[in-house]
Every structure is written in C-alpha cells, then in structure tokens.
Amino acid sequence: MPRTVISTDKAPAAIGTYSQAIKVGDTVYLSGQIPLDPASMELVEGFEAQAVQAFENLKAVAEAAGGSLADIVKLNIFLTDLSNFATVNEVMSRYFQPPYPARAAIGVAALPKGSQVEMDAVLVLA
C-alpha cells in the first residue's frame, strides 16, 4: 500500500527526522507530540497546559489526516512524573468520550526540550 505523508502548520513542525504522521490505507500513525506552541515552537508552561497543548497538537494532525481524536484506537502518553497521572486523565476526559481508545501511560526519565509529556497515537479512518 502507498504511504501518504500528513503535515499541517496547525501542529509543531517536526524537529527531527520524522513526519507528523503517515497514512497507510485507513490507518494513520501519528508521531509523538510534545507541548510546543505551533506558532512560536516554544514549550508551554505548567503540566496541565502542556497536556492540553499535546492533545491540541494531536488533534490538529488527526484533522489534517481527515479524522479526529474520536478515530484514535491507540494512544500512548509518556510522562516524566507519574504523579501527573490524575491530571492527564482529567485533561484527556475533555477530549475523549467513551468508548475510550486503548492507552498506555508510561513513566520516562526525560523528553525532548524538557517537556513533561509526549503523546503519540494510531487512528483508523472510517
């Protein structure tokens, strides 16, 4: 199957050797999004604001692919501090309705640019 590169200026530009997303058939693989403001390419401040920005960035890429957050079937959340688990759940509840996607929340030592959170996802277009 052919691969299609998904790109939007409504999410931060890739800061490495990767695409914002790749579409193969009806499946879209969204690269990790850290909470960079797409206009300034600067990290937003505070954990809750970072979680919101990461979801907004995922949303922008999902929409550029012709889908939405509701089309996500698998979500991975990487946290540098697992004590933020409850906050990320609360923020996630603003963006998703049941049935929720499959998800992993993983504690990591560090993330790019000093971010406290990063998210990637797989979505399937109907």
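Contact, as I use the word here, means heavy atoms within 4.5 Å. With that settled, a reminder that this is a predicted model.

I'll start with Leu30. Setting aside neighbours within four places in sequence, Leu30 is in contact with Gln20, Ala21, Leu58, Val61, Ala62, Asp120, Ala121 and Leu123. Leu30 also belongs to the largest nonpolar core, which has 29 residues. Together with Phe55, Leu75, Ile77, Phe96 and Met119, Leu30 is among the residues that touch the most other members of that core. Where do the core residues come from? β3, residues 27–33, supplies at least two, and so does each of α1, β4, α2 and β6. Helix α1 gives the largest share, eight residues. As general background, nonpolar side chains in soluble globular proteins tend to be buried together.

Next, the sheet. It is open, has six strands and mixed pairing, and its order is β1-β2-β3-β6-β4-β5. Which strands stand at the edges? They are β1, residues 3–6, and β5; each has a single partner strand, so one side of each is left without a neighbour in the sheet. On average, neighbouring strands are turned by 15 degrees against each other, ignoring direction.

Two helices pack on this sheet. Helix α1 touches β1, β2 (21–24), β3, β4 and β6, and its direction makes about 25 degrees with that of β6. Helix α2 touches β4, β5 and β6, and its direction makes about 150 degrees with that of β4.

On one side, β4 pairs with β6, residues 117–124, in the antiparallel sense over seven bridges. Pairing of either sense, parallel or antiparallel, goes through backbone hydrogen bonds. With β5, residues 102–107, β4 runs parallel, and six bridges join the two.

Some individual pairs, for anyone following along in the viewer. Leu79 has Val117 as its bridge partner in β6, and stands opposite Gly107 in β5. Phe78 has Ile106 as its bridge partner in β5. Asn76 is bridged to Ala104, also in β5.

Is Asn57 buried or exposed? The cut-off for buried is under 20% relative accessible area. Asn57 comes out at 1%, so it counts as buried. What does its side chain reach? The side chain of Asn57 reaches the backbone oxygen of Ile34 at 3.0 Å. Beyond the neighbours within four places in sequence, the contacts of Asn57 are Ala11, Pro12, Gln33, Ile34, Pro35, Leu36 and Pro38.

Last, the backbone geometry. Most residues other than glycine have a negative phi, and most peptide bonds are trans. There are some departures to mention here. Pro98 and Pro99 are joined by a cis peptide bond, with omega about 0 degrees. Pro99 sits in the loop between α2 and β5.

Then there is Met41, which is not a glycine but has a positive phi of about 60 degrees. Met41 lies in the loop between β3 and α1. Its relative accessibility is 26%, so Met41 counts as partly exposed.

Lys113 also has a positive phi of about 60 degrees, and is not a glycine either. Its place is in the loop between β5 and β6. At 54% relative accessibility, Lys113 counts as exposed.

That is what I had on this predicted model.

Methods
Residues are numbered from 1 along each chain as its sequence is written. This is a predicted model: local features need pLDDT of at least 70, side-chain atom pairs count only at pLDDT 80 or more; totals for chains, interfaces and linings use all residues. Side-chain values use heavy atoms; hydrogens and water are left out. Buried means under 20% relative accessible area, exposed over 50%, partly exposed in between (1.4 Å probe, protein chains only). A polar contact is a pair of N or O atoms within 3.5 Å; within protein, one must be able to donate a hydrogen and the other to accept it, and residues adjacent in sequence count only if both atoms are side-chain atoms. Two strands pair if DSSP finds at least two bridges between them. Helices (H or I, at least four residues) and strands (E, at least two) are DSSP runs, numbered from the N terminus. A nonpolar core is a set of buried Ala, Val, Leu, Ile, Met, Phe, Trp, Tyr and Cys residues joined through side-chain atoms within 4.5 Å. Axes are lines fitted to C-alpha atoms, for helices over the stretch in contact, and angles run from 0 to 180 degrees between N-to-C directions.
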